[in-house]
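Let's sit down with this one and learn how to read it, one feature at a time. Bring your questions and keep the picture open beside you.

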Amino acid sequence: MFKSKKSEPSGVDTTQHAITEPEKEQPWQELGLKQDEYEEIKNILGRRPTSSELAMYSVMWSEHCSYKSSKIYLRQFGEKVTDEMKTHLMVGMGENAGVVDIGEGLAVTFKVESHNHPSYIEPFQGAATGVGGIVRDILSMGARPIAVMDQLRFGAPGNQDTARVVHGVVDGISFYGNCLGLPNIGGETVFDSVYQGNPLVNALSIGSMKHEDLQLAKASNPGDLVILFGARTGADGIGGVSVLASETFESTGPTKRPAVQVGDPFAEKVLIECCLELFHSGVVAGIQDLGGAGISCATSELASNGGKGMRVQLKNVLLRDESLTPEEILMSESQERMCAVVPKKKLKAFEEIVNKWEVEYSVLGDVINEDRLYINWGNEEIVNVPPRTVAHDGPVYERPVAHPSYQEQLNNSNSSSLPRAKSAADLAAQLMELIATPNQADKSWITAQYDKYVGGNTALSMPDDSGMVRVSEESGLGVALATDANGKYAYLNPYEGARLALAEAYRNVAVTGAVPRAVTNCLNFGSPENPEVMWQFKEATAGLADACLELGIPVTGGNVSFYNQSGDEAIYPTPVVGVLGVIDDVARRIPSGWQDDGNNIYLLGETFDELNGSAWAKDLHDHLGGQPPKLDLNKEKQLAELLHGASIQGLIESAHDVSEGGLGVAVLEAALRFNIGARIWLGDMMERDGIDETAAMFSESQSRVIVTVGREDDVKFQALCEARGVPCLRIGVTDATSGLVEIKDIADLKLDDIRSGWVETLPELFG
Amino acid sequence: MPKIIVEIMPKQDLLDPQGKAVANALHRAGNKEISAVRIGKRIELHFDREITEADLDEAKAQAANFLSNDVIEDVVAVTKED
Amino acid sequence: MKIGVITFPGTLDDRDAQRAIRLAGGTPVPLWHADQDLKKVDAVVLPGGFSYGDYLRCGAIAAQAPATKEVIKLAGQGLPVLGICNGFQVLVESHLLPGGLIRNEHQHFVCRDQKLRVENNTTAWTNLFEKDEEILIPLKNGEGGYIAEPETLKMLEGENRIAFRYLETNPNGSMNDIAGLTNERGNVVGLMPHPEHAVEPGFGPDTPVAMRSGVDGLRFFASVLQQVVNA
């Protein structure tokens, strides 16, 4: 990875040199640029770029920073939106994170992001810095970060390399999130061999603020100072840029340049408190966090967003490593740094606050009244570019799209060909097996490594269906968050798979008593240079945008992660969808399991014979084929509205969504939640819906929830369901004394037996 | 650059979980000849002038009072280095 | 009654401690580590977190802070002081409490609801508990194993200075299952678990009664208010 050839005499490549040495060979290809992009840069500048400019363009025009392959599709999220959907939207896509009004003059900002590739190379630091990065995005909107969640996808459980990645990632998230004092309120963990060489580590953060606290990333007043503060700049994450090094790396210094960023959560915690104090003191006119592409990104984006320019003295950057070249400084991805735009008259106040927190800072330059970004290295000009061309007007690709050659055969291979349980004992054994598979098993081995208490506002966390945090202590106003994805469904049908992910997250918010209001997404796909992957992406984004429109909740921001593939093997298209909901008082929240004895258990929704893409098919029979379960978003809306109405009236004791694993798994999970058994019967359901036991137990039909209701509320609840047209069927009764989950005509399962299988799986694999 | 090196180790009879974890990893990697691992700290105090005897005494005091916790650690050495 | 809560760089549970004081009926007073002035508070809480990133040793740098030095001085004169988790580490580094706290044997951070026995209910922070009362308090840490010389342990046991002991599980290998200690006078108490996370119904640990209903931590803060009133 590190080039060691000596390419030219040492010395900085200036704009002057670019004019006097126009024919100089430049490693644009090694830096990831295409020929036509290199030509375009020369066109924009009217000369060849300097090494520094080349470095800036190459990183800012990379897929990760410019979204060049996805832009044309992401537009849909902004286009397929009604005015009504925008009612609560204070800041939409395009900023660091979306901001949603939640009432009482309060707002929340939230977003999910990926840090997949670094987490495969160095799982601990990759996951840790993933958390750090998303938290800084939230902070830069002016909010106090209040919670985190993570969505993890690992390879086959039995594979040795999986354990390496699992340990590193969980330790990294635990280390960074806990040290920041942010409760981890939920997420998901999935194991599938398809992610073996490409684990997915997505991180979400949410922050809260008053409306007037909103900050934006723009430099719009000439004369304002541009100040870099936080950690010193070092060699993190610049592996690729070393092609620009004018010396061999042996002669450069004692240490090799790390390709991975290294995080220090203590520095970030201090930065959070310092920034919040800066914001509340009214000292800052604009703020940007430094993530991918570091200073290149911060300067060009602040300038471009503000419609002005900037003059920067790069030698003012405080360095950890004095041997860094200007190109390396521009590209460095050192963590825990922010860039503030500060009016001159506020400088003293700014300095007082950063000094109080012992945070280092340096004035890099100022905002100017020109559409130009000038960067000097001492007396020499090394960058002179129009900021918009770097930050926003990058290349836009319309990559070739092709319907996958395997798709037809895949969709024709129906799970109905699979043998079904012939006896009650077989069926029960399958259920016991399924609940103990890594995908359905208890995740406490992971989640116990996360702090869920800090802040004192966590109303719900794992294993409940969404995480819920109180935002206002006075009124109890709070928000709920759920994130979901099903790579199997998306592989079978990317359009439907994306809709199904949204539906599941939406439902998971609704079952806790909150009202869904906004969406974020992290789109994890293979290589965009593969037309079949591009087709998946096109379908999935359309599916998600159409579904958001139908449900009336807008996408407020998100992230795209391409190139998740090893050789020709791409991961399943895995669009992770996060839904945010609002609840007027968190005291009303509904847990996912029943606590009382003798309450009726109702199944809301209908069940069809839909085993394609199910956990039963994949994890018990290693089968993936057919079309995923049907989805009627109208039914989801009706269901959510019913749950809300019922919960306002205090009718619902517990509610749990039925998703992966089907009804059997949902019932066991609800029983395990507080260790209270139940008597269940499937006969009525089988008759009404015309399905057999296997379908009843394992089908993954959508728009279904199991609910328990206090005896005194039975009549009211059933009437409410009928009035709203939601199918409601009594399928059981809770039983606190038997220690059993009795499934009529199938089996009497001991809670202790269920629990021991369910609880042991992850510790045995990874403990 | 003149410096004083302070070396600190966990107390002899104290459990060193870090050392134990590292020893286990070495054993798994095949180094069964290593019977135990103990992990300490090396702290460098940098000076931008010549180091005096008084500096060394001061460093010893700081090593005992602040840089180490005498309940769980021992100061193994405080030495001058150029 | 004014109870100070000191914030160091890296402190995490200060706002929770302030809330606990408020819910118990006191007035929380935020204190800054660099200020020697403790604003005439009636008691002080050193909250949990990772002060100074646990650099050098947990609590070692915080123990040198001007505010901490003042606390040490006033503790000698009877000021009630509660050290929670990282705060306990600061008390141990300050030698207000004996022994040491080292990394968990199993190396992993663990967050769980921990059963404790209150063995000394005569301290400033435990006088509202029954002797040997069993309580449920959240625990969350990676470096909390208590160790001490055999003579020290003998002394602590003999003088009833073990304030809390772990029940059912010892989560971090602490000697003698020690979860928390008190000083001779009973005004300084340190413990690894977090009482400030079990003070508000709906946000505490699950109990057999209801989800998140555990509020055993509230009596820590109510006890000291009682103490101050009676003083």
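**Reading the contacts between chains**

Q: How many residues of chain C are in contact with chain A?

A: Contact means heavy atoms within 4.5 Å. Here 32 residues of chain C are in contact with 38 residues of chain A. Before we go on, two ground rules: this is a predicted model, where local features need pLDDT of at least 70 and side-chain atom pairs count only at pLDDT 80 or more, while totals for chains, interfaces and linings use all residues. Residues are numbered from 1 along each chain as its sequence is written, chains are lettered from A and ligands numbered from 1 in the order in which they are written, and side-chain values use heavy atoms, with hydrogens and water left out.

Q: What about charges and polar groups? How many salt bridges are there between chain C and chain A?

A: A salt bridge is a side-chain nitrogen of Lys or Arg within 4 Å of a carboxyl oxygen of Asp or Glu. The count between chain C and chain A is five. Across the interface of chain C and chain A, 12 residue pairs are in polar contact (both at pLDDT 80 or more).

Q: Which elements of chain C give two or more residues to the side that touches chain A?

A: Helices (H or I, at least four residues) and strands (E, at least two) are DSSP runs, numbered from the N terminus. The elements in question are α1 (14-24), β6 (110-118) and β7 (133-141) of chain C. The largest share, four residues, comes from α1(C). For classes, Ala, Val, Leu, Ile, Met, Phe, Trp, Tyr, Cys and Pro count as nonpolar, Asp, Glu, Lys and Arg as charged, and the others, Gly among them, as polar. By that sorting, the side of chain C that touches chain A has 14 nonpolar, eight polar and 10 charged residues.

Q: Where does chain B come in, and how far is it from chain A?

A: Chain A and chain B do not touch, and their nearest C-alpha atoms are 13 Å apart. Chain B meets chain C instead, in a contact that takes 15 residues from chain B and 16 residues from chain C. These two chains bury about 1,300 Å² between them, 64% of it on carbon and sulfur atoms. In chain B, Pro17(B), Phe66(B) and Val71(B) lose the most area to chain C, together 39% of what that side buries. There is one salt bridge between chain B and chain C: the side chains of Arg57(C) and Glu73(B) meet at 3.6 Å, N to O. On the side of chain B that touches chain C, α1(B) gives the most, with three residues.

Q: Now for single residues. Is Thr574(A) buried or exposed?

A: Buried means under 20% relative accessible area, exposed over 50%, partly exposed in between (1.4 Å probe, protein chains only). Thr574(A) counts as buried because its relative accessibility is 0%. You'll find Thr574(A) in strand β21 (residues 574-583) of chain A, and its side chain makes a polar contact with the side chain of Tyr195(A) (2.8 Å).

Note on methods
A polar contact is a pair of N or O atoms within 3.5 Å; within protein, one must be able to donate a hydrogen and the other to accept it, and residues adjacent in sequence count only if both atoms are side-chain atoms. Buried area is the accessible area (1.4 Å probe) that two parts lose on being put together, summed over both.
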